[in-house]
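Q: How do I read the features of a model like this one? Please take me through them one by one.

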Amino acid sequence: MSEKYNLLKKHLFLFMLACVFQNVLDIFLFFRKTPYNLPYVIDISHYFFHAIFYSWYGLALISLPFLLFSIFFEKNRKGILLISLHVFFLFISLFLSQVDHELLRFMGFHLSLDFLATYGKSSGIPAAIWDILREDNGGRYSSLILGFLPFLFLLTAFFIKNRNFSLKMRFRLKVFFLFVLAVVVLILPFIFRLDCFGGKNRQAKVAPPIILLKTDISSLMISETDFSSIETDINVVRKLWKTGDSNDLWKFTEKKPLEKEYVGEKTETNTVKPNFIIISFETFRAWNIPLFNQSAETNPTPFLSSLAVSENGGYWKRFISNGQPTIYTFMALHTGLPPHSSKTVAKAFTSNSIDSYASILCRYGYYAAFFGASDPDWDNQRLWLNKWYDYVYYKPENNEQDRLVLRDMAEHLKKKGEEKTPFVYTTFMISNHLPFDSREPELDLYHDDKLSHKIYNTMHYDDDAFKEFFNSIKNESWFKNTVFIITGDHGYDLGERGVSEGHTNVRHETNWVPLIIYSALFDKKNGVHTEPASHMDIIPTIMEMAGIYENNSFLGHSLFNKENRFSFNIKLNNIGYENEKYSLFIPEGGKIHVYDASDLMQKDDLKEYDKSAVGKMIKSAESISRTIDYIYEKNLM
């Protein structure tokens, strides 16, 4: 019994030693600046303790089999072999963890099989890498120095392997102590998946190497997308897009599937470049705004609605998000490309080269700033923000209060406006998020706990916060030269059809959002628009307003082009697709729902419709999905 106990004890010591070394690596990750002199995450408290616990869990996954096997072997050759293997696997985990940490610091993404396949073929280390390591703002060559810690663990572990350690307590207490430690640290997490891991996005940020490896291997087991018909799909999408290019101003190149070059006459629309302010409100459903849905119970957005119908305003009644939740819209709105059918683009394709309206405008002399009301590290926004924007704002102390964010944005705008440089500001709000808890009760329109009522309260709060922001800048010299683009990131299924189907229900309760454009500069947008449109149409609209005609792969069209339009929404292979005549809900493997375009609440499934036209719509939607997947997976933006 004592031999088995000593063997078990050594395995536990090795596990705890590895936890100490791993947590030292975690401390250096979170409390050291990135090579670019930025914090690794803005709100450390949001991630650090979850990372610590998740690290223990990852090491526990490695250690538990050795602990269990040690029960069946005395301290003989098999027992010694188990100890040696345990040390080896813990060392590999620590080493990969340090490599993963440095990838996160330098490039913003985790170590993966895809990364190894892409960069593992390189021979030697480029001189530029040595320069970056030397100039690392987190410490000169600190990445390499920390790389010795796993080897220090290896030396320490072999010292433990060849020594006997005793705890000065009775044998039964020793056994009880070890049993409790094993249950608390090793077994409970397997059973309950404790909240200490955090939610899905937090877990993705702090995942240890063994979890990353497991996820990668699992993804390999999934059959690859069938791209055997991709040339046909690309031609379908090109033809669909050209149908909407009513003036035949663009021509597809042969370089990339959707790349287009401008062949029309390039004319400057303004001698002074327009400024842009893009506002995305969290979970802003057109469903709840009378301007878009006449059956809405009350008007939570009187100020925004007044801008929409004013002399300088215009609004789109059939505007949808291209995906949900927020990170899907964040990417689609910025890039003009809808989401991948099953993967989160912001996380799965971090090495892809993807432009945004902010990065393009910067190339033409604009200043770009992003104001986030929620943590941009949460869903990997900040990787892209740092690529696209000159300035990224987020204050944890604002406690996700949109009014405070808009106040800081107004002050920043006033100072930047004095420099006479054209600018683009983007902000994604957060206060109108489930469970729609009131931010300022004095503004509440309802006083009960029904979600269908509470959402009116938080939308009203955001409307009032935006009114304050708008009025605080309307007398600035640059205001008349500024275009406001105001939308919602996505909707939310609150069970309007009986039971909430979540984000995979890509009907209008989930993807129908407002779009309002306000500016004294352009008259094309004024009034109400009933043609279908979506977030992927924002970037070509901005480019047209700014007079920029770069080659691009946008799937959307300028909102000023009203003919032959379509919109596309996808979430986990469930598709929403619309044209000027019909709107479709195409659930994966389920019954297709066909609605008349005028049925904005998608209440009545049509029994009689043009089956040939709907068949073409279904084919177009499926071709779009496969083409977009192909573009992302082959990095052909």
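**Salt bridges, a helix and a cavity**

A: Start with one side chain. This is a predicted model. Arg 363 has a relative accessibility of 45%, so Arg 363 counts as partly exposed.

Q: Which side chain does Arg 363 meet in a salt bridge?
A: Glu 550 is the partner, at 2.8 Å from N to O.

Q: How many salt bridges does a search of the whole structure find?
A: The count is 23. One of them joins Asp 248 to Lys 242, with the closest N and O atoms 2.7 Å apart. Exposed means over 50% relative accessible area. Asp 248 has 52%, so Asp 248 is exposed. Lys 242 has 24% and is partly exposed.

Q: What does the salt bridge between Asp 464 and Arg 403 tie together?
A: Their side chains meet at 2.7 Å, N to O. Asp 464 lies in helix α18 (residues 451–473) and Arg 403 in helix α17 (residues 402–417), so the bridge ties parts 61 residues apart in sequence.

Q: Is Arg 403 buried or exposed?
A: Buried means under 20%. Arg 403 has a relative accessible area of 7%, so Arg 403 is buried. Asp 464, at 24%, is partly exposed.

Q: Which residues are linked in a network of salt bridges?
A: Arg 403, Arg 407, Glu 440, Asp 464 and Glu 468.

Q: How many residues of helix α20 are buried?
A: Eight of the nine in α20 (residues 538–546), so read the helix as mostly covered. Among the buried ones are Ile 538, Pro 540, Thr 541 and Met 545. Just after α20, Gly 547 takes a positive phi of about 70°.

Q: How is empty space found?
A: A probe the size of a water molecule is rolled over the atoms, and this shows where empty space is left. Here there are four cavities of 30 Å³ or more.

Q: Which residues are closest to the centre of the largest cavity?
A: Of 17 lining residues, they are Asp 26, Leu 29, His 101, Val 206 and Ala 207. Elements that give two or more residues to this lining are α1 (2–30), α2 (48–70), α3 (77–106) and α9 (200–206). By type, the lining has nine nonpolar, five polar and three charged residues.

Terms used:
Residues numbered from 1 in each chain as written. Predicted model: local features only at pLDDT ≥ 70, side-chain atom pairs only at ≥ 80, totals over all residues. Heavy atoms only, no water. 1 Å grid on protein atoms, 1.4 Å probe; cavity = no way out; pocket = protein on both sides within 12 Å on 5 of 7 lines; lining within 4 Å. Points joined across faces, edges and corners; volume = space filled by probe spheres on them. Helix = DSSP H or I, 4+ residues; strand = E, 2+ residues; numbered from the N terminus. Nonpolar A, V, L, I, M, F, W, Y, C, P; charged D, E, K, R; others polar. Buried < 20%, exposed > 50% of the residue type's maximum accessible area, 1.4 Å probe, protein only. Salt bridge = Lys/Arg side-chain N within 4 Å of Asp/Glu carboxyl O.
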